[in-house]
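I opened a new page to keep track of what I look up here. Please follow along in your own view as I go.

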Amino acid sequence: MNKNIILCGVGGQGTVLASKLIAASAMEKGMEVMSAETIGMAQRGGNVFSNIRISDEGKLYAPMIGKGQADVILGFEPGETVRMLPFLKKGGYVITNIRPVKPTTATLMGSAYDGEEMIDYLHSVIDADHLLIVDGTRASAELGNPRCLNVVLLGAAVRIGAIGLTEEDILSSMPKVIKPRFLELNERAFRYA
């Protein structure tokens, strides 16, 4: 199995933690993993993305995913998801949160951004069998903590088979990556349907 996965969102949404869960799960299965994150703009509202490359064939030479090579884009914010579309390969999966995070520039300029145009665009360019829109923000609110959006979306991606790992793979890695006091919440978030 070879998978190229891009996770994208804005600072504070848990992009890096989700990428660590995927990487830890793949490594536990004996797969080769390479990853790279852009976290320089990781303050709340700045864009953040992670590249994760997984292989059980041992043929990884660089962590960055080229244009048209991503099997999956896991987007925590619709505008960031659209921005990463050039990296998606034909037939790749897109899983995204429906709720936008208004960019600081839009707030300062008083412009509107509700994410609907981005979701409409995704529907127009991605085959329905390869697009999953999740209201992860609502799910996080129902779970009682907005900081578990990342794990809600990861669970959705795993359940549709996009990531190439099983639910048990991810759940068994959680104690190694997540602090004990947040473990139960994240397990519930991951299983949220």
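I began with the word pocket: on a 1 Å grid over the protein atoms alone, a pocket is an open set of points where a 1.4 Å probe fits, with protein on both sides within 12 Å along at least five of seven lines, and its lining residues have an atom within 4 Å of a point. Grid points are joined across faces, edges and corners, and a volume is the space filled by probe spheres set on the points.

I noted that this is a predicted model, where local features need pLDDT of at least 70 and side-chain atom pairs count only at pLDDT 80 or more, while totals for chains, interfaces and linings use all residues. Residues are numbered from 1 along each chain as its sequence is written, and side-chain values use heavy atoms, with hydrogens and water left out.

I looked up the second largest pocket and found a volume of about 230 Å³. Its lining has 16 residues, with Gln13, Val101, Thr137, Pro146 and Leu149 closest to the centre. Helix H5 (residues 136-143) gives the most to this lining, four residues; helices here are DSSP runs (H or I, at least four residues), strands likewise (E, at least two), numbered from the N terminus. I sorted the lining of the second largest pocket into six nonpolar, seven polar and three charged residues. For that sorting, Ala, Val, Leu, Ile, Met, Phe, Trp, Tyr, Cys and Pro count as nonpolar, Asp, Glu, Lys and Arg as charged, and the others, Gly among them, as polar.

Then I turned to the largest pocket, with a volume of about 330 Å³. Its lining has 14 residues, and Leu17, Arg147, Asn150, Phe182 and Asn186 lie nearest the centre. Helix H8 (residues 180-191) supplies the largest share of that lining, three residues. The lining of the largest pocket splits into six nonpolar, six polar and two charged residues.

**Entry: Asn150**

I followed Asn150 into helix H6. Is Asn150 buried or exposed? Asn150 has a relative accessible area of 2%, so I wrote down buried (under 20%; exposed is over 50%, partly exposed in between, with a 1.4 Å probe and protein chains only). Beyond residues up to four places away in sequence, Asn150 touches Gln13, Gly14, Leu17, Ala18 and Phe76 (contact means heavy atoms within 4.5 Å).

**Entry: cores**

I next checked nonpolar cores, sets of buried Ala, Val, Leu, Ile, Met, Phe, Trp, Tyr and Cys residues joined through side-chain atoms within 4.5 Å. The largest one has 39 residues, and Ile22, Leu154, Ile163 and Met174 have the most contacts inside it. Its largest share, eight residues, comes from H6. Setting aside neighbours within four places in sequence, I listed the contacts of Ile22, including Ile5, Leu7, Ile52 and Leu154.

**Entry: Phe49**

I placed Phe49 in strand E3, and at 18% relative accessibility Phe49 counts as buried. The C-alpha atoms of Phe49 and Thr81 are separated by 9.9 Å, though 32 residues apart along the chain.

**Entry: cysteines**

How many disulfides are there? I counted zero, taking a disulfide as a pair of cysteine sulfur atoms within 2.5 Å. Cys8 is buried at 0% relative accessible area, and Cys148 counts as buried at 1%.
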